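Hi everyone, thanks for coming along.

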Amino acid sequence: MMKIYTVGKSDDILIKELGFDMIEMPTISTDDELHDFIEAKLSDIDFNALIIPINKVETTIAFRLALHIRLTEKLWTKRLVPILFISIQSLGTVLRDAGIYGHILATKGCRFEQFKSVEIIKRAIERIEALSTDDFFITFLKQISVQPDEKVGRHSIANQWG
């Protein structure tokens with residue numbers, strides 16, 4: 001049986017409706033905060049799939065969180081788990097709001113599903129194939145584009161990847 005967790009805010013209607021165990025995510029705005037959250041919360045929890053709800057206000061944070069998960073070596077094999085993004089918004093709207101971070105959806109192990117019912121979400125998360133350590137480089141690292149940002153400190157996503 002899969003150990004599925006949702007990552008987000010406890011007041012999110014989608015999280016309540018899904019009924020999976022959840023990992024409360026504080027308000028985050030920087031890559032340092034994302035990195036600290038992942039190391040403090042996700043490294044100690046046993047899971048083999050994640051659902052990340054996307055809301056209009058924090059669209060880029062959701063995708064940045066997934067990128068950080070994939071690039072955090074401390075998570076070891078947990079960083080390879082299937083990640084399902086869900087939203088009441090359409091894929092086109094989500095991608096427009098996500099900017100460059102939406103490219104994670106083009107990688108193996110990540111998928112978007114517009115929320116229509118709990119049953120559809122449960123089937124979708126079970127159908128996502130996880131990454132393997134052997135194909136991590138080709139099906140993830142070769143697919144993403146992480147640009148260094150001179151204005152961001154030592155924990156920027158580009159520096160984490162490097």
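**Rings, charges and a helix**

Let's begin with Lys 122: its charged end sits over the ring of Phe 20, 5.8 Å from the ring centre. By "over" I mean NZ of Lys or CZ of Arg within 6 Å of the ring centre and within 35 degrees of the ring normal. Arg 79 also has its charged end over a ring, that of Phe 136, 4.5 Å from the centre.

A word on the ground rules: this is a predicted model, where local features need pLDDT of at least 70 and side-chain atom pairs count only at pLDDT 80 or more, while totals for chains, interfaces and linings use all residues. Residues are numbered from 1 along each chain as its sequence is written, and side-chain values use heavy atoms, leaving out hydrogens and water.

Now, rings of Phe, Tyr and Trp (its six-membered ring) pair if their centres lie within 6.5 Å; planes under 30 degrees apart are stacked, over 60 edge-to-face, and the rest tilted. That gives two aromatic pairs. One of them is Phe 63 with Phe 85, tilted, with 4.6 Å between centres and 35° between planes. Phe 63 belongs to helix α3 (residues 59-71) and Phe 85 to strand β4 (residues 83-87), so this pair ties together parts 22 residues apart in sequence. Helices (H or I, at least four residues) and strands (E, at least two) are DSSP runs, numbered from the N terminus.

Buried means under 20%, exposed over 50%, partly exposed in between (1.4 Å probe, protein chains only).

Finally, α3 itself: twelve of its 13 residues are buried, so the helix is largely enclosed by the rest of the structure.
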